Amino acid sequence: MSERGMQELALLLLTALADAPRHGYAVAQEVKTITDGRVVPRTGALYGALDRLLAEGLIKVEREEVVGGRARRIFALAPAGRERLAAEAERLAATAREVRRRLGTGGAAALT
């Protein structure tokens, strides 16, 4: 794994798939929910990021289905994606702890 942090959209997409497989539109809606509407992925960015995560082996296409005459892929978190997401969560938590330490706040509530 790289020392560099994951881009926010990739992190959010993996998080959106952590608890259940979803098709693209549902992934976008889950990202919107996770971020309280702060991030609403545009279609091009969403599918570009999903394709990159597929190529990296972090997600997989669980199945394809046809709905209303249109093909739809259902994405799921791959084992490598679960590991990467857990590692990224630890990295972010360590950074947040250091922020709190430097601010002299100690508690998580102090950052909100």
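The model is predicted, with local features requiring pLDDT of at least 70, side-chain atom pairs counting only at pLDDT 80 or more, and totals for chains, interfaces and linings using all residues. Residues are numbered from 1 along each chain as its sequence is written, and side-chain values use heavy atoms, with hydrogens and water left out.

Next, select residues 59–67 and 70–77. These are strand 2 and strand 3, which pair in the antiparallel sense over 8 bridges; pairing requires at least two bridges found by DSSP between the strands. Within this pair, show Glu 65 and its bridge partner in strand 3, Arg 72.

Now select residues 13–86. An unreviewed UniProt entry annotates this range as "domain: Transcription regulator PadR N-terminal"; such annotations may be inferred rather than shown by experiment. The range is 50% helix and 26% strand, with its end C-alpha atoms 13 Å apart.

Then show the whole protein. The elements run α-β-α-α-β-β-α from the N terminus, giving 4 helices and 3 strands. Helices (H or I, at least four residues) and strands (E, at least two) are DSSP runs, numbered from the N terminus. The C-alpha atoms fill a box of roughly 55 × 30 × 20 Å along the principal axes.

Finally, colour by burial. Of the 112 residues, 29% count as buried, meaning under 20% relative accessible area with a 1.4 Å probe, protein chains only. Among contacts (heavy atoms within 4.5 Å) with a separation of 6 or more, 45% join residues 24 or more positions apart.

Notes. Buried < 20%, exposed > 50% of the residue type's maximum accessible area, 1.4 Å probe, protein only.
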